[in-house]
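Hi,

Here is the structure I promised to pass on to you. Please open it first, then read my notes below alongside it.

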Amino acid sequence: MASTPHIAVVGGGSTGTGVARDLAMRGFDVTLVEQGNLTHGTTGRMHGLLHSGGRYAVSDQASATECIEENRVLRDIASHCVELTGGLFVKRPEDSEEYFQEKLAGCEACGIPAEVVSGAEARAMEPHLATDVEKAISVPDGAVDPFRLVVANAASAVEHGARVETHSKVTDLLVEDGEVVGLEVDHSSGPGVRVHGTEGGRETIRADHVVNATGAWAGRIGDMAGLDIEVRPSKGVMTIMNVRQVDTVINRCRPKGDADIVVPHETTAILGTTDEEVSDPEDYPEEQWEVDMMIETLSELIPMLEEARTIRSFWGVRPLYEPPDVGSEDPTDITRDFFLLDHDERDGLPGMTSIVGGKFTTYRMMAEDIADHVCDRFGVDADCRTADVPLPGSEDFTVLRDYMDEFGLQSPIGRRSVERLGSRAEEVLDVDGPNPTICGCEAVTRAEVQDAIESSGSDLNAVRIRTRASMGNCQGGFCAHRLAGELQDSYDEPTVRAAWDELLQERWKGQRHALWGQQLSQAMLNYALHATTQNRDRDPADSAEAVDFAAFDDGSGADTGTGPATDAGVATDGGRDGD
Amino acid sequence: MAIESEVVVVGGGLAGAFSALAAAREGADVRLVSYKQSTLAQASGLVDVLGYAPGGDGPVVDPYDAIPDLPEDHPYATVGVDGVRAGMALFDEVAGRYRGDHTDRNAMLPTHGGTVKPTARYPSGAAAGVASDERDALLVGFDALVDFDAPHAADHLRNAGVPFDVRGVSITFPGDLNADAKVTRYAKLLDADAEVPVGGSTRTARAALAATVEPHLDGAERVGFPAVLGDDDPAAVRASLESALGVPVFEVPMGPPSLPGLRLEDDLYAALDEAGVSMETGNPVVDYEDEERVTRVVVDRNGAKIPFAADQFVLATGGLVGKGIDSDREGVREPIFDCHVPHADDRYEWFDHEAFGDHSFARFGVPTDETLRPLDAGGDVEFENLRAAGSVLGGADFAAEKSGSGVSIATGRAAGVSAAEAAR
């Protein structure tokens, strides 16, 4: 080919950013567009499990084998996003022994290291497990931060020359002479990083090939070119606890069902989940019974969950897909495998490929398949290197311990900062001037927040997913205004205020599902801080009606009755001030 | 034999303190039992009466004009305008370091987030900051103190339409404080006026601070700082800075931990001491005994159950924040006396979907009769000798109204007076 092929990737989740990285590393010219923030769709709404494959070892051994392979790859290339927690499949007295044995055999068949531990041994590892847990299978499950992983993939793509546009919604596919030749995109605030209040605009992006990596939204993109992509979105709830009741991933060892997993994640533990088909990936009911079921059913494994504090709940939609002729009734029966849909071959419409189905743990393998396919199409001979080249942040982990001392950050703030930043720690934390903590719950300092602002514009939710600021117990109660203050150097005040309001609203959204007990007290405290102390609910700056300041007490007449009470320093006290 | 008093007040926040104070001034023998530190450290130290009427538009100029129109289950409707005035009069008597009692009108005060809010009383240290005062202002923040970003606050105030010119500057606080130094660390350094290193030699902290600010004055007629100007002796800290800078100095109230809130707590506890109130602090009330009347409350002191008997009791344990109102997935309750707390059965009706929407939970609390005695679900008095005051009362969204302090003071005083009268 005369010039470098330009590939447009639609979707900024794990698959889309993985594809963008892979293609950019193989020398393609890449533009990625995402309608919201990175991870806006399903990726940002998952339980954070790095599968060992154990969950699929009985029902879907092909997926299980892929999981263990990719599990090993991600531990290596994304070490700063992964916590090696290990996992247990625990068996209660009422759970089937036969299934337990099938699980064990399945793990062995798929190459998943598995070992049976007694109930006592399991409780020695996880003291809060129920006393009647009989035994467990230990597997190499892990926890992964999907936000950090996706941001690192996007950063790597950019390093390799890709253009990444968030808050840019595809409004149409360009089809000319029976071929997809590009996208119409609506930028909500202009190209580049998002800035509130900046006028948006349309852009036509011409491309030699389009990759539709929009997961549960794939059907919508297909519709734009008259293609039927039969994605079957399936919702699942996840409930976040305020502490880690367990440090190991705890799975219930029984055939797949609702509420059967607890994943330790950073300072929290995430309970999951349900599996219910929905018609619209953006509009589905989020219901109380789902949250109650997580708590009640998982309390059978970890009794203390019954009385424990949850800080919020969220829902995600799986981008499930099965070929139309399979016709599964129940979404739990739909395969977790992924499918590459070559629309040239399948629908006679060249110029676009969709990738659907699959799961987070195998995102890189999916991306590799797509990139191989694109290489094939353009006759490009380039090997995939994404399984070998570490992501930014995971490049050299031997220096981490030194960083903590070097940057003068008090442990555990230093430890957590460096864990999040990995090999980028020096670049981010080595700043002039003081580096105070902005978010106390998650130990996020100013340097880390400023680094995130650089890559995410005025969008505090984008800062949040990069840093975890405002994701802890207080859910932004104590730090939302501090984060707003951090935008001050780069943006004007109305922009800062819009970003601040958006963060408060986003934090409220998930907390609504946790409003009882301590978290209701926390919500009332936050409300009091934001409304009473800061008057953010009735901020005159937001009101069309100007305040008649002259009608209010201006201080004159206090004490002596002569002029503003405060004219004269010490005399302010009129001799009666007790202090 | 239980410790005997005429009146036992449970709860040591504003409502408890004013109940105990009012009852003691009526001549009763009063004991105040409180568990944790009061929530005053979490409040800004501004004393609001009514800043916004429910359903009203802009800020209320005169709270006493607006109170008669409040809904009938509002605590202010229970004590009436006269009850609120009486409460504020008692406040003015004991809170000598506060201003605003010369007028019924609210003052607009700058907040640490940079907007303004209406309030009835403000600490003398914040007085030069009132936003209806037209003198030009300079706001000074400290680069490591993340709760107050002065340049941001100044821009925000300007966009809120304040009638004066305001600029903000961020400086490095002299003295090599740790980046995460607490507000009390700043305050103590200024209280002590300790020597701090400045460019190879040393200077006293207040002089060094003033010298750092001085080049930024540029005609400003007053200077605002975050509320860290002294813990023990804020007037002296302010005086030193005013004398060095030649203009009035004020503090911008902040969130927790709030030094103005803690200073108010000091003054209240001094007033309680002076009034002869006995204190039992640091241990929770866990139970009560009754024979139609409450006869005693039981305090858990490291596992030992200590009874406190009295003729009259006041419940002033706070709302959801202070844990005077508790909840679980099934319902909402008042945990000590199990008083009735009205609430929807479906917990998804407890909140609004907007962060600053009309939240039912913000009005959770006990309903009372006209003498502040909690009522059961049937509308009958729960206990003949139990009164309730402050945030444990239902019917007011104090955060939206900016009415929390006023409700606590007015209902606290009224419950205390009424308990003392009944004990006679």
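**A lysine and its surroundings**

The side chains of K235(A) and E290(A) are joined by a polar contact of 3.2 Å. A polar contact here is a pair of N or O atoms within 3.5 Å; within protein, one must be able to donate a hydrogen and the other to accept it, and residues adjacent in sequence count only if both atoms are side-chain atoms.

Before going on, please note that this is a predicted model: local features need pLDDT of at least 70, side-chain atom pairs count only at pLDDT 80 or more, and totals for chains, interfaces and linings use all residues. Residues are numbered from 1 along each chain as its sequence is written, chains are lettered from A and ligands numbered from 1 in the order in which they are written, and side-chain values use heavy atoms, with hydrogens and water left out.

Is K235(A) buried or exposed? K235(A) counts as buried because its relative accessibility is 1%, where buried means under 20% relative accessible area with a 1.4 Å probe, protein chains only. You will find K235(A) in strand β14 of chain A; strands (E, at least two residues) and helices (H or I, at least four) are DSSP runs, numbered from the N terminus. Leaving aside residues up to four places away in sequence, K235(A) touches, among others, Y284(A), E290(A) and W315(A), contact meaning heavy atoms within 4.5 Å.

E290(A) belongs to helix α7 (residues 288–298) of chain A, and is one of the buried residues there, which also include D292(A) and M294(A). The buried residues of α7(A) pack against several strands of chain A, including β14 (231–241) and β19 (310–321).

**Where the two chains meet**

D292(A) also leads us to chain B: R347(B) forms a salt bridge with D292(A), with the closest N and O atoms 3.0 Å apart. A salt bridge is a side-chain nitrogen of Lys or Arg within 4 Å of a carboxyl oxygen of Asp or Glu. How many salt bridges does the rule find across the interface of chain B and chain A? There are 6, and the rule also finds 36 residue pairs in polar contact, both at pLDDT 80 or more.

In total, 92 residues from chain B and 76 residues from chain A take part in the contact. Between them the chains bury about 7200 Å², 57% of it on carbon and sulfur atoms; this is the accessible area (1.4 Å probe) lost on being put together, summed over both.

Enjoy exploring!

How values were computed. Buried area is the accessible area (1.4 Å probe) that two parts lose on being put together, summed over both. Buried means under 20% relative accessible area, exposed over 50%, partly exposed in between (1.4 Å probe, protein chains only).
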